[in-house]
Amino acid sequence: MTTTRLPWKVAVQVILLANAVLVLAPMALMGLSAFKSTREIFQNPFGIPTVWRFENFARVWVEARFALYFRNSVVVTLASIVVILVFGAMAGYALGRFRFSGNDLLYLYFLSGLMLPIRLGIIPLFILMRNLNLLDTHWALILTYAASGLPSAVFILTGFFRALPTDLDSAARIDGAGEWLIFRRVMLPLVRPALVIAAIYNLIPIWNDFFFPLVFIQSDRLKTLPLGMTTFFGQYYTDWALLFAGLTLAAVPVILLYVMLSQHFIRGLTAGAVKG
Amino acid sequence: MPGSNRSAAGSASGRAGVTPPALTPRSVARLRPSRLSVRAGRRLWLLIFLGPATALFAAFVTYPILSALAFSFYRWEGIGRRGFAGLHNFVRLFATYPYSQLLGNAFWHNVLVFIVTMLVQNGIALALALLLARGAWGTKVYRVIFFLPVTLSLIIVGFLWALFLNPIFGIVNKLLTSAGLAFLARPWLGDSQTALLTLTLINAWRWIGFPTIVFLAGINAVPDEYLEAARLDGAGEWQVTRHVIFPLLAPAVTIIVLLTFIGSFNWFELPYVVQGVSGGPNRSTDVLSLLFYRMAFGEVDTGLQDIGIGSAIAVLMFILLVAVSAIGAVLLRRREVELA
């Protein structure tokens, strides 16, 4: 940009650095506290642990059932994302590549789901799940997440499919390839960036969701991580060493994934709010 | 991924899923032709492609939301629906104790959260974005750091800050005391004077990277020629920011105001895990979503449950959110047209 004077540059760095510390210090403190004893957390909250107590994590993982909560979260999140991507890509393909009456209307119908706050439908959804005998099962979560994630996937993928040149499928069609093959082998590989955006856009909110497990899940063995953590905090509320270890353990996978894929995450999570 | 097709396609095109296929006539010819003729099967294929998504969306999003609207016009006993009640639930919600008081109290808190978030979180985010856009050293690293908390679960964020803000053992009061500011130390989350503001600031800590990135993208999208032209005309940095960047930032600002509004009026997780379902202390952190949840699924201490009232609250929130979203969408379109 323009030539800027040095004092100004230093001032900018001080502000940016201060904000970076404000973001990172609480997380660093969380990580350090996870290795201390509760006594040490109270007496020396800011220091390096005198003894690094890895057993805090082992206790959280086994005793506080984090292994179980993690597995449940992985199962529910992955299943939901797969359904969202498969059904979303199929619908996006049809809406983006086929002309038929009602195409625009159907597209708008899906788009309305981007605006509608599905949580406000929780009472009928609860009754529906009860009638389907799906309360207190992972299916209740997967179906809800998949359905409410579809609009974003349809929106993102329809746009990408539309932008592909028409010659592609025409050529394959003239050569006699079936619709499913054209979709699966020709078109789908070309929209892979859109699949990544749609996946990340839905991945983090589903992984972090607390509301639907709170309503649908009763059994401890079926709880996902965010809901399991509230149980854990209720049980161990005086054992701060364990609480910090639990928080750290819950945060680390997402942080690692974010550090590895930060550009994808930033693009995926701000999709819709940022153009291009 | 649909793996069922893999065997039918054969191993040659099976590899096509890994890299984008080169569309030479040979590679296309290798794809096995379908038995259905393209024209005759078109309708069937549309059904196959569109059916699953449409059915799932209709059953688990559209149907519940439409039913929720209808539910507000019925009498309820527990979870059982009784006769048609007209506007009775709305009358009770607006005009009878304790519902009208609870509604007003919660609604006012949502408004406060929106205002404070706009001023503090989005104000700081705009400042940070302006600094980052000037190409300061380490902009890329700062971007990644600032956005990090956005990926964290609000449950983690809420519990973490609840521990930090613990009146006796928490580090916040310890820091204040050691800095000679002991008079400022207080039970931040336990005092009804400070609880809502504290909670809003925790929320801002988690979210601030989001508006920062959106504003930054908006600023970076301003064509360099505009900035150069303004500077050639003798405009100072502040004038460039005020008269060139800010007007062009209008779409980004509209989006952030809209998302902040939706977020503020859907606020649930943070107050729930930190302050409990009743929005303590003394309902000082009660918000519409908590009130709605208690009416729908019952309050822990009083056992009060009223699905009629809950559904009426849902309808009010629904109207509010849809109306504001629609206004936002119109504003956004108008501003984008002006730019083009």
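The crossing of helices H5(B) and H9(B) is right-handed, a term for a near helix turned clockwise from the far one by less than a right angle (anticlockwise is left-handed). Helices here are DSSP runs of H or I with at least four residues, numbered from the N terminus.

This is a predicted model: local features need pLDDT of at least 70, side-chain atom pairs count only at pLDDT 80 or more, and totals for chains, interfaces and linings use all residues. Residues are numbered from 1 along each chain as its sequence is written, while chains are lettered from A and ligands numbered from 1 in written order.

Axes are lines fitted to C-alpha atoms, for helices over the stretch in contact, and angles run from 0 to 180 degrees between N-to-C directions.

| Helix pair | Axes come within | Crossing angle |
|---|---|---|
| H5(B) and H9(B) | 10 Å | roughly 50° |
| H10(A) and H14(A) | 8 Å | roughly 80° |

H10(A) is therefore roughly perpendicular to H14(A). H5(B) and H9(B) are oblique to each other. The cut-offs: under 35 degrees is roughly parallel, over 145 roughly antiparallel, 65 to 115 roughly perpendicular, and the rest oblique.

Residues are in contact if their C-beta atoms, placed from the backbone, lie within 7 Å. Among those joining H5(B) to H9(B) are His109(B) and Val113(B) of H5(B), and Leu197(B) and Trp207(B) of H9(B). That contact has nine nonpolar, five polar and no charged residues. Nonpolar means Ala, Val, Leu, Ile, Met, Phe, Trp, Tyr, Cys and Pro; charged means Asp, Glu, Lys and Arg; the others, Gly among them, are polar.

The contact of H10(A) with H14(A) includes Ile200(A) and Tyr201(A) of H10(A), and Phe265(A) and Arg267(A) of H14(A). It has seven nonpolar, two polar and one charged residue.

**Where the chains meet**

In all, 87 residues of chain A are in contact with 83 of chain B. Helix H1 of chain A gives the most to its side, with twelve residues. That side divides into 66 nonpolar, 14 polar and seven charged residues.

Helix H6 of chain B has buried residues, including Tyr142(B) and Phe146(B). Buried means 20 or more other C-beta atoms within 10 Å of the residue's own. Their cover includes H1 and H14 of chain A, with H5 and H10 of chain B.

**Confidence**

The model scores ipTM 0.91 and pTM 0.87. Chain B averages a pLDDT (per-residue confidence, from 0 to 100) of 85. Residues 1–23 of chain B stay under 50. Where pLDDT is low, predicted coordinates should not be read in detail.

Note on methods. Two residues are in contact if their C-beta atoms, placed from the backbone, lie within 7 Å. Helices (H or I, at least four residues) and strands (E, at least two) are DSSP runs, numbered from the N terminus. A residue is buried if 20 or more other C-beta atoms lie within 10 Å of its own, exposed if 12 or fewer, and partly exposed in between; C-beta atoms are placed from the backbone. pLDDT is the predictor's confidence in each residue, from 0 to 100.
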